[in-house]
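Welcome! Work through these exercises with the structure open beside you, and try each task before you read its solution.

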Amino acid sequence: MPDAPLHKIIAASIKQLLPAHKRKQAADEADRATSFRARYQAFLQLLESNTELLGIISELETRHAGGELVGMAHLKQLSTRAMFHALRMIASFEALCGKAQPELRNTIDSIRDRLQQVLVQPDPTADVPLILPLDQLHRELVDIAGGKAANLGELRSRLGLPTPDGFAVTVAGFHHFIQENGLADVIRLCISVVQPGDPATYAEASRSIQDAILEAPMPPALEAAMLEAFDACAARSGLAPDALRLAVRSSALGEDGELSHAGQYLSELHVPRQELCPAWKRVAASLYSPQALGYLLQHGLSLDGLAMCTACVRMVEAKASGVMYTRHPWGLGRRAMYVNAVWGLGAFAVEGRVEPDVYIMDVDSGQLLQRRIGSKDAMLTACKDGLTEQQTPAAWRGLPCLDDEALQALRRAALALEAHYGQPQDVEWAVAHSSDSSGALYFLQSRPLALGKHSTADFAGLTDEALPVLLEGGDTACPGLAAGPVFLSLSPDDADTLPEGAVLVARHSSPAYTVVFPRVAGVITEHGSVTGHMASVSREFGIPTLVGVPGAMQGLSMGQEITLDAWSRRIHAGLHPAALEAQRQARGSCPIVPADAVLLSPPRAALQTLRRELVPLTLTDPKSPDFTPEHCRTVHDIMRYLHEKSYGEMFVISDHVSKGKGQEGFALRLEGATGLDLHIIDLGGGLVESPHRRRAVPVEDVASRPFKALLRGLILDPKTQGPRPVHLKGFFAVLGEQMVGEHHLQKERFGDRSYAIISDKYLNFSSRVGYHYGVLDCYCGQTVNKNYITFSFKGGAADEARRTRRARGIALILERLGFVVETVSDRVSGRFQKYDAAKIEEVLAEMGRLLQYTRQADMLMTGEASVQAMADCFFTGKCYFEPSP
């Protein structure tokens, strides 16, 4: 348009430019949104790794405080996980802020080098013999001979208790077998298909690995060493080799330690010389049984680096056998030992095959508190050709297996074992026939007793009779309340179809059922014993269990809704509300007091080093000029720095995005009476759309389903917004660190900002006030199996005792709300999952109220009574904790 007027030329040019400008603006907005969401994912990864590291730190503190014996293999695993998550936090923060963090990476490299000096030792099997005699074993050799063999050697060599003679096939023997047959790659490949929570993959991997082990030939060196040890044992016993019979028992690394692994592995009894090596292979293969793989995964343990040692000990020709708990597994208000006894070999006692004798004795006074003679209608005995099950002679069935002299001998042993190990023990014993070389009492095993969550709890059974009683009787293997539909099981093979939340009812107890324990609400069996393997695992998982209930399979029907009161040993028709909200208190057993040799052992020294590099926190004040990467000394320091700064980066990023012209803000302040400086980041669908640019939103514009539910409890009643009651002693204990009443004077300080990251069905809420924080993560939609709430709370300005009491009080509240809860020190975490959206919303409203309720409560936790008082007060509907005068 060369002849057109100038103003028309300009107008035409502007029209051509405008579409391009709008396209560029839209592209810029899309880029900002994409960038923010990518950084948000980095932020989520950082938080996930922070949570993992907090769990590792809590475990290290617990093990250190309890003086627990822990193997080098587990410490290496903890170190590897800690380094991975620390580096992941750094990488996530770098993605979040767009800047490299060389100082933090250098610090992690230095920490890793120092850890490797104590953790990366020369191959422990390089100088370890394939075989070690029992006389040379003690508990510091747990990483060489496994828990069962090491503890058996401890009883023999240090306590002087009578044990059968024998030897251990060490971890070096197991590794030699695996390496000579090239099985390591086969095992790794098979393990790679295992999916936690999917028993079908356990079975697939197990079948392939076990077949490979059983088909592999014995390496000549290992076979020769085992047969030589067998012959030496026979010579010491004054027997010809063909007359000796051994028990080949599992002694896997990690077994008979903090976790019992009760009944997860195989033991072979009455093994002659020619069957020694085949029996050893069967025991070694049981390391990878479906139930063992499931047990490990359910406890969060890795399937890498598993190893099976074995204890090969002379068979005791037992007249009677059984199990002794040096402490009653859930307490009787006194120190009482609990003993089961059967005629013949003890397998029927731990497998729950017959009704055993029960003896309960006061350990201190020796007073017999209860003697109940079981029917003992069958017994397992050894004969020339192997083991045989036979009917118990009629004259024996009504007789006690143990006389007063034998019970007192067990009591003396219980006192010695607890004094030596510093904690209650689970002990297997046998009384030999008089034709045996000594006719004495033998000890076959000692391991830490799985006391479970109710070891010191008061009675918490049903106190009303609202529901009719269907069945009663039996023995309480794990106390507690459970409610759900009945699932009748004829064998562990049919338990794959057991639905979530069912009460398992079976004829016999079996540790093979542990594969489905994550889905089980409670357990009832017609036969079984309190000291059986499944009972031990039930206590480890905290599953209410009643064993020895006559007529349970006939008296109950598939799908029938029942309530199990394992405290009162009753089964009720219908679902009792108290059972649906059952409290499962997790209180530890008495602490271990290790011997000096344990304190100086290499694993103990490595634990101290790992704790020193990970646990201490010196970076505490975000406003200090020393709150910098250069002053991070430990992994905990790095976590604290990155966790604090990451929220700031998220706020800066979202604030920057919100300043884009014409762009709706990503970080918006909530206008509502929450008492928090609360900012919202909407990932899509979390807020009602607005045509106007805004920096704040009213509560009514929140569209996110979970966030709306949380706000119902989080919004303060106008009548409760004033200063809260103050306990002056508690206040002066935290003076200068925590402020009474509203936090408006500090709301500009970053550490007091709270964030809600939301979508239509998702909520991540992080409340940071003063020196404590709570994080709630939730999905609330129409798919029940996807719905969950997780919650974690830690910290406070008060001393550790008050903080820990507050955490325990919160745990009681969460448990009553239906959460599965874990409490370590001042940190409490819980998970509530697989409920419909309406139930999730109901619980979210309570969680909103809980977030307000817990603020400044630590200063009020002046004594042990305040723990229960805090929980009780919450359920009266009060907005804050008011302790009794």
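**Exercise 1.** Find how many bridges join E7 to strand E8 (residues 357-362), and in which sense the two run.

*Solution.* Start with the terms: strands are DSSP runs of E with at least two residues, helices are runs of H or I with at least four, and both are numbered from the N terminus. Two strands pair if DSSP finds at least two bridges between them. E7 and E8 are joined by six bridges and run antiparallel. As one example, Ala-336 stands opposite Asp-362 in E8. Now turn to E7's pairing with strand E6 (residues 318-325): six bridges join E6 to E7, and these run antiparallel. Here Tyr-325 has Tyr-338 of E7 as its bridge partner.

Before going on, note that this is a predicted model, in which local features need pLDDT of at least 70 and side-chain atom pairs count only at pLDDT 80 or more, while totals for chains, interfaces and linings use all residues. Residues are numbered from 1 along each chain as its sequence is written, and side-chain values use heavy atoms, with hydrogens and water left out.

**Exercise 2.** Give the strand order of the open sheet of five strands.

*Solution.* The order is E1-E2-E5-E3-E4, with antiparallel pairing. At the edges are strand E1 (131-133) and strand E4 (267-271), each of which pairs on one side only. From one strand to the next, the twist averages 20°; axes are lines fitted to C-alpha atoms, for helices over the stretch in contact, and angles run from 0 to 180 degrees between N-to-C directions. Strand E3 (residues 246-252) pairs with E4 over three bridges, and Arg-249 has Ser-267 in E4 as its bridge partner.

**Exercise 3.** What is the angle at which helix H22 (residues 800-817) and helix H23 (residues 837-853) pack?

*Solution.* The angle is about 170°, and the axes are 11 Å apart. Angles under 35 degrees count as roughly parallel, over 145 as roughly antiparallel, 65 to 115 as roughly perpendicular and the rest as oblique. H22 and H23 are therefore roughly antiparallel to each other. Contact means heavy atoms within 4.5 Å; H22 contributes Ile-810, Ile-813, Leu-814 and Leu-817, and H23 contributes Val-843, Glu-846, Met-847, Leu-850 and Tyr-853.

**Exercise 4.** How many disulfides does the structure hold?

*Solution.* A disulfide is a pair of cysteine sulfur atoms within 2.5 Å. The structure holds zero. Take Cys-312: the nearest cysteine sulfur, that of Cys-233, is 9.4 Å away. Cys-312 is buried, with a relative accessible area of 0%. For Cys-780, the closest cysteine sulfur is in Cys-778, 5.5 Å away and too far for a bond. Cys-780 also counts as buried, at 0% relative accessibility.

Note on methods:
Buried < 20%, exposed > 50% of the residue type's maximum accessible area, 1.4 Å probe, protein only.
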